[in-house]
Amino acid sequence: MSQIQFDLSNVLADAIGTDHGLTMEELLGEQARCSAALAAIQARRETDLRWLDLPYAQDVLDSILDYAASVGGRFKNIVVLGIGGSALGNTALQSALGSPFHNVEPPPGVARLFVRDNIDPDLVGEFLDHFDPEHTLFNVISKSGGTAETMSQFLIFRARLVEHLGEEGHRDHIVVTTDKENGVLREIVNREGYESFIVPDGVGGRFSVLSPVGLLSSALVGIDVKGLLKGAADMDKRCKNDALMENPALLYALVQHKLHEEKGMPIAVTFPYSHRLANMAAWYAQLLGESIGKRLSKGGEEVFRGPTPVSAVGVTDQHSQVQLYVEGPFDKWFTLMTVGTGDHEVKIPKTPAAFRDLEGVDSLGGRSLRELFRAERDGTRIALTDAKRPNASIHFETITAHTVGQYIYMMELAVALMGEFYDVDAFDQPGVEAGKVAAYALMGRAGFEAERERIEAASCATK
């Protein structure tokens, strides 16, 4: 099975100059620091960073596959109710490993997948108008069980299920993924008798895609979750090596940190040249932004650290963003996600005689979309390099569950290591929690009265 490869050639000063590029000497000079960072993360493997061992949770995998088999063919629609880390990974896996038109015409006996990660009333209202309760299974995902967006949707869709199927009948149409013992959603499971799966301790939302959070919905729509975990386990083995040039997660984390902190590039652009991988860039944006964007250092000093993640899609964004990337400020670095062999080869017909005198048409005839796509990708890489813009590549020879599992694990570990380099806690999210608290107060949740008074007083003061 093929391994994904990280190529940093166009990040190096040999390719783009010393003003914006890094030297091998600079990178290798950080070996001791890198070894210490890796050791610090691995030391927490069996305590509070248990997501590192998710690829080996065979009992969890077996229970997911058993449940998927038990309901196989029964439902036409699987609906994930979740947000952030409880939704982005689900979408990314389906996009990468399913057909782009899966929901138009799924394989026989396989359900469609809908990830409802926004409470926009127009979106939810339209879904209410169109879904068939009898043929739909809802996977409600929230580790805390207190996520307002998820729980509001749960109440809405539960009511519709009860209306159509009754108190008893609706229970087979809900499966919950939440904490093993704590939280309101676990209490609801205990009261209602819903089938449930566990978000393990030591697995934060944005690091949870290889847990039941991401695996359950994937298994229900026919994704090879065994291959996914096998790929993650293989990357884990690669990344236990503390030799910098042999550990892609460690090398990626170091490049990110040095380009930001030493070369003044606070914006990290992930640029997949693959429609299948487009949502992987969105998944990574949350992983990077929530993990490293922090006000305080580990020692409590105000530092306001963190790169800004941006996602682009080749070739689409060559016509919307690349002008800025090539000629704009030197505040960005780029990770191109490239693919060797795709699933389809689409030939461009030979140019009709009537068009052979038209510039830009005759040269396309008789070629293929794969050739054109690669030429566009390589053209962007050349343009960025010629403009002295650091650009690395993560290469997938093919997009399979095995290679996608490798990528997910590599980036999760890379971001954890970035926390060591940036000296921030990569596993909390106080900024997100602050927004949640304000929302709870505005919705009148008990226990948040003082916060509501503070918000109302501040609002009056600005009028």
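How many bridges join E1 to strand E12, and do the two run parallel or antiparallel? Open the model, which is predicted, and select residues 391–396, strand E12, together with E1. There are 3 bridges, and the strands run antiparallel. Zoom in on Gln5: opposite this residue, in E12, stands His395.

Now show the whole sheet. It is open, has 5 strands and mixed pairing, and is ordered E1-E12-E11-E7-E10. Look at its edges, strand E1 (5–7) and strand E10 (308–311). Each has a single partner strand, so one side of each lacks a neighbour in the sheet. From one strand to the next, the twist averages 20 degrees.

Next, the helices. Select residues 278–292, helix H12, which packs on the sheet. H12 touches strand E7 (267–272), E10 and strand E11 (332–339). Its direction makes about 160 degrees with that of E7. Then select residues 401–422, helix H15. This helix lies across E1, E11 and E12, and runs at about 145 degrees to E12.

The largest nonpolar core holds 94 residues. Select Tyr252, Met280, Trp283, Tyr284, Tyr407 and Met418, which touch the most other members. H15 gives the most to this core: 15 residues.

Stay on Trp283 and display its surroundings. Not counting residues up to four places away in sequence, Trp283 touches Leu88, Gly89, Ala92, Arg206, Val209, Tyr407, Ile408, Met411 and Glu412.

Last stop: another core, of 18 residues, lies apart from the largest one. Select Phe154, Val176, Leu185 and Val189, which are among its members.

Definitions and conventions: Residues numbered from 1 in each chain as written. Predicted model: local features only at pLDDT ≥ 70, side-chain atom pairs only at ≥ 80, totals over all residues. Heavy atoms only, no water. Pairing = 2+ DSSP bridges. Helix = DSSP H or I, 4+ residues; strand = E, 2+ residues; numbered from the N terminus. Axes fitted to C-alpha atoms, helices over the stretch in contact; angles between N-to-C directions. Contact = heavy atoms within 4.5 Å. Core = buried A, V, L, I, M, F, W, Y, C linked by side-chain atoms within 4.5 Å. Buried < 20%, exposed > 50% of the residue type's maximum accessible area, 1.4 Å probe, protein only.
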